[in-house]
Amino acid sequence: MDHIWLIGMMGSGKSTVGRLLADRLNCPFYDTDADVEEESGTTVAEVFEDAGERTFRDLERTTIAEVAALPSGVVATGGGVVLDHRNVEAMKSSGTIVLLAADIEVIASRVDGSNQRPLLADGGDLALRTIADERDGVYRAAADAVVDASGSIDDVTNAVEAACSTL
Ligand code: S3P
(Lines give C-alpha, C1' and ligand atoms only; values in the text may rest on other atoms or scores of the structure.)
Protein backbone atom coordinates (compact mmCIF):
# COMPACT_ATOMS: atom_id res chain seq x y z
CA MET A 1 0.00 0.00 0.00
CA ASP A 2 1.07 3.56 -0.56
CA HIS A 3 -1.13 5.74 1.58
CA ILE A 4 -0.67 9.40 2.37
CA TRP A 5 -1.16 9.51 6.13
CA LEU A 6 -2.01 12.94 7.51
CA ILE A 7 -1.01 13.48 11.12
CA GLY A 8 -1.12 16.53 13.37
CA MET A 9 -2.97 18.29 16.13
CA MET A 10 -6.71 18.58 16.43
CA GLY A 11 -7.74 21.45 14.18
CA SER A 12 -4.76 21.14 11.85
CA GLY A 13 -7.14 20.36 8.97
CA LYS A 14 -6.41 16.66 8.41
CA SER A 15 -9.97 15.67 7.48
CA THR A 16 -10.76 18.68 5.28
CA VAL A 17 -7.42 18.62 3.49
CA GLY A 18 -7.47 14.83 3.23
CA ARG A 19 -10.88 14.76 1.58
CA LEU A 20 -9.89 17.43 -0.94
CA LEU A 21 -6.57 15.78 -1.72
CA ALA A 22 -8.17 12.38 -2.25
CA ASP A 23 -10.65 14.03 -4.59
CA ARG A 24 -7.85 15.60 -6.59
CA LEU A 25 -5.82 12.40 -6.72
CA ASN A 26 -8.95 10.40 -7.49
CA CYS A 27 -8.23 7.89 -4.76
CA PRO A 28 -10.07 6.70 -1.64
CA PHE A 29 -10.30 8.89 1.45
CA TYR A 30 -10.21 7.28 4.89
CA ASP A 31 -10.87 8.98 8.22
CA THR A 32 -9.85 6.88 11.20
CA ASP A 33 -11.96 8.80 13.75
CA ALA A 34 -15.00 8.25 11.52
CA ASP A 35 -14.09 4.55 11.26
CA VAL A 36 -13.86 4.26 15.04
CA GLU A 37 -17.28 5.89 15.28
CA GLU A 38 -18.72 3.50 12.76
CA GLU A 39 -17.16 0.52 14.52
CA SER A 40 -18.35 1.58 17.98
CA GLY A 41 -21.72 2.93 16.85
CA THR A 42 -21.16 6.12 18.81
CA THR A 43 -19.08 9.31 18.76
CA VAL A 44 -15.42 9.62 19.74
CA ALA A 45 -16.48 11.93 22.57
CA GLU A 46 -18.87 9.29 23.89
CA VAL A 47 -16.27 6.53 23.67
CA PHE A 48 -13.98 8.69 25.84
CA GLU A 49 -16.79 9.41 28.28
CA ASP A 50 -18.31 5.95 28.53
CA ALA A 51 -15.31 3.65 28.08
CA GLY A 52 -12.28 5.90 28.59
CA GLU A 53 -9.33 7.01 26.51
CA ARG A 54 -7.67 3.59 26.71
CA THR A 55 -10.58 1.93 24.94
CA PHE A 56 -10.54 4.67 22.31
CA ARG A 57 -6.80 4.11 21.73
CA ASP A 58 -7.37 0.35 21.32
CA LEU A 59 -10.11 0.99 18.76
CA GLU A 60 -7.89 3.52 17.03
CA ARG A 61 -4.99 1.08 16.81
CA THR A 62 -7.20 -1.64 15.32
CA THR A 63 -8.55 0.86 12.80
CA ILE A 64 -5.07 2.02 11.76
CA ALA A 65 -4.01 -1.59 11.15
CA GLU A 66 -7.13 -2.21 9.09
CA VAL A 67 -6.80 0.94 7.01
CA ALA A 68 -3.11 0.19 6.39
CA ALA A 69 -4.20 -2.90 4.47
CA LEU A 70 -6.76 -1.12 2.27
CA PRO A 71 -6.14 0.14 -1.30
CA SER A 72 -3.93 3.21 -1.47
CA GLY A 73 -5.59 6.44 -0.43
CA VAL A 74 -5.36 9.55 1.71
CA VAL A 75 -5.91 8.98 5.44
CA ALA A 76 -6.91 11.55 8.05
CA THR A 77 -5.90 10.31 11.49
CA GLY A 78 -6.85 11.38 15.01
CA GLY A 79 -4.43 13.80 16.66
CA GLY A 80 -3.15 11.24 19.15
CA VAL A 81 -2.32 8.50 16.67
CA VAL A 82 1.44 8.98 17.07
CA LEU A 83 1.30 8.21 20.79
CA ASP A 84 1.42 4.49 20.01
CA HIS A 85 4.55 3.41 18.18
CA ARG A 86 2.63 0.51 16.64
CA ASN A 87 0.52 3.02 14.77
CA VAL A 88 3.60 4.84 13.53
CA GLU A 89 5.09 1.55 12.33
CA ALA A 90 1.87 0.58 10.54
CA MET A 91 1.71 3.98 8.86
CA LYS A 92 5.38 3.99 7.87
CA SER A 93 5.22 0.55 6.35
CA SER A 94 2.14 1.41 4.30
CA GLY A 95 2.98 4.82 2.90
CA THR A 96 4.14 8.35 3.61
CA ILE A 97 3.43 10.31 6.77
CA VAL A 98 2.79 14.03 6.35
CA LEU A 99 2.57 16.30 9.38
CA LEU A 100 0.18 19.25 9.13
CA ALA A 101 1.85 21.77 11.42
CA ALA A 102 -0.10 24.93 12.17
CA ASP A 103 0.61 27.81 14.56
CA ILE A 104 -0.95 27.20 17.94
CA GLU A 105 -3.04 30.37 17.59
CA VAL A 106 -4.52 29.05 14.35
CA ILE A 107 -5.22 25.67 15.93
CA ALA A 108 -6.80 27.33 18.97
CA SER A 109 -9.12 29.42 16.82
CA ARG A 110 -10.15 26.39 14.77
CA VAL A 111 -11.04 24.20 17.74
CA ASP A 112 -12.60 27.02 19.73
CA GLY A 113 -16.04 26.01 20.96
CA SER A 114 -15.78 22.43 19.73
CA ASN A 115 -17.57 20.09 22.10
CA GLN A 116 -16.44 17.04 20.16
CA ARG A 117 -12.89 17.08 21.51
CA PRO A 118 -12.83 15.28 24.86
CA LEU A 119 -9.17 16.05 25.59
CA LEU A 120 -10.00 19.76 25.64
CA ALA A 121 -13.18 19.41 27.65
CA ASP A 122 -11.66 20.53 30.95
CA GLY A 123 -8.64 22.59 30.02
CA GLY A 124 -9.50 24.53 26.86
CA ASP A 125 -6.68 26.64 25.48
CA LEU A 126 -4.13 25.65 28.10
CA ALA A 127 -4.78 21.95 27.52
CA LEU A 128 -4.36 22.49 23.80
CA ARG A 129 -1.00 24.22 24.25
CA THR A 130 0.24 21.57 26.66
CA ILE A 131 -0.72 18.76 24.30
CA ALA A 132 0.88 20.57 21.35
CA ASP A 133 4.14 21.04 23.27
CA GLU A 134 4.19 17.45 24.49
CA ARG A 135 3.56 16.01 21.06
CA ASP A 136 5.64 18.25 18.84
CA GLY A 137 8.75 16.05 18.95
CA VAL A 138 6.75 12.86 18.45
CA TYR A 139 4.95 14.29 15.42
CA ARG A 140 8.19 15.45 13.83
CA ALA A 141 9.98 12.18 14.50
CA ALA A 142 7.19 10.24 12.82
CA ALA A 143 6.81 12.52 9.79
CA ASP A 144 8.40 11.99 6.38
CA ALA A 145 7.39 15.54 5.48
CA VAL A 146 6.18 18.58 7.40
CA VAL A 147 3.76 21.00 5.79
CA ASP A 148 2.70 24.42 7.06
CA ALA A 149 -1.01 24.05 7.75
CA SER A 150 -1.74 27.60 8.88
CA GLY A 151 -3.03 28.77 5.49
CA SER A 152 -6.16 28.12 3.46
CA ILE A 153 -7.38 24.59 2.75
CA ASP A 154 -6.32 24.98 -0.88
CA ASP A 155 -2.82 26.15 0.04
CA VAL A 156 -2.34 23.34 2.52
CA THR A 157 -3.62 20.75 0.05
CA ASN A 158 -1.23 22.07 -2.61
CA ALA A 159 1.63 21.90 -0.13
CA VAL A 160 0.88 18.28 0.80
CA GLU A 161 0.63 17.32 -2.85
CA ALA A 162 3.95 19.02 -3.60
CA ALA A 163 5.66 17.43 -0.61
CA CYS A 164 4.48 13.95 -1.60
CA SER A 165 5.64 14.36 -5.17
CA THR A 166 9.21 15.01 -4.02
CA LEU A 167 9.46 12.06 -1.65
C1 S3P B 1 -7.45 13.28 19.69
C2 S3P B 1 -7.86 13.91 18.54
C3 S3P B 1 -9.18 13.68 17.93
C4 S3P B 1 -9.74 12.32 18.34
C5 S3P B 1 -9.70 12.16 19.82
C6 S3P B 1 -8.30 12.26 20.39
C7 S3P B 1 -6.11 13.56 20.24
O8 S3P B 1 -9.09 13.75 16.51
O9 S3P B 1 -9.01 11.28 17.72
O10 S3P B 1 -10.55 13.14 20.38
O11 S3P B 1 -5.61 12.79 21.07
O12 S3P B 1 -5.50 14.58 19.80
P13 S3P B 1 -8.84 15.10 15.68
O14 S3P B 1 -7.37 15.33 15.63
O15 S3P B 1 -9.41 14.80 14.33
O16 S3P B 1 -9.60 16.19 16.38
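I sorted the residues lining the largest pocket by type: ten are nonpolar, eleven polar and nine charged. The model is a predicted one.

I looked up the size of that pocket next. The largest pocket holds about 560 Å³ of space. I counted 30 residues in its lining. Nearest the centre are Met10, Lys14, Asp33, Gln116 and Arg117. I then checked which elements give two or more residues to this lining: α1 (14-25), α2 (32-40), α3 and α4.

What takes up the space of the largest pocket? The ligand does. For the shell around the ligand, I found that the elements giving two or more residues are α3 (44-51) and α4 (53-68).

I went through the shell itself. The ligand is surrounded by 14 residues. Lys14, Asp33, Arg57, Arg117 and Arg135 are the closest. By type, I noted six nonpolar, three polar and five charged residues in the shell.

- Asp33 places a polar side-chain atom 2.7 Å from a ligand oxygen.
- Arg57 has a side-chain N or O atom 2.7 Å from an oxygen of the ligand.
- Arg117 has a side-chain N or O atom 2.9 Å from a ligand oxygen.

On its own, the ligand has 380 Å² of accessible area, and the protein covers 93% of that.

Key
Residues are numbered from 1 along each chain as its sequence is written. This is a predicted model: local features need pLDDT of at least 70, side-chain atom pairs count only at pLDDT 80 or more; totals for chains, interfaces and linings use all residues. Side-chain values use heavy atoms; hydrogens and water are left out. A residue is near a molecule or strand if one of its heavy atoms lies within 4 Å of it. A polar contact is a pair of N or O atoms within 3.5 Å; within protein, one must be able to donate a hydrogen and the other to accept it, and residues adjacent in sequence count only if both atoms are side-chain atoms. Accessible areas come from the Shrake-Rupley method with a 1.4 Å probe; for residues, only the protein chains shown count as cover. On a 1 Å grid over the protein atoms alone, a cavity is a set of points where a 1.4 Å probe fits but cannot get out, and a pocket is an open set with protein on both sides within 12 Å along at least five of seven lines; lining residues have an atom within 4 Å of a point. A molecule sits in a cavity or pocket if more than half of its atoms lie within 2 Å of its grid points. Helices (H or I, at least four residues) and strands (E, at least two) are DSSP runs, numbered from the N terminus. Ala, Val, Leu, Ile, Met, Phe, Trp, Tyr, Cys and Pro count as nonpolar, Asp, Glu, Lys and Arg as charged, and the others, Gly among them, as polar. Grid points are joined across faces, edges and corners, and a volume is the space filled by probe spheres set on the points.
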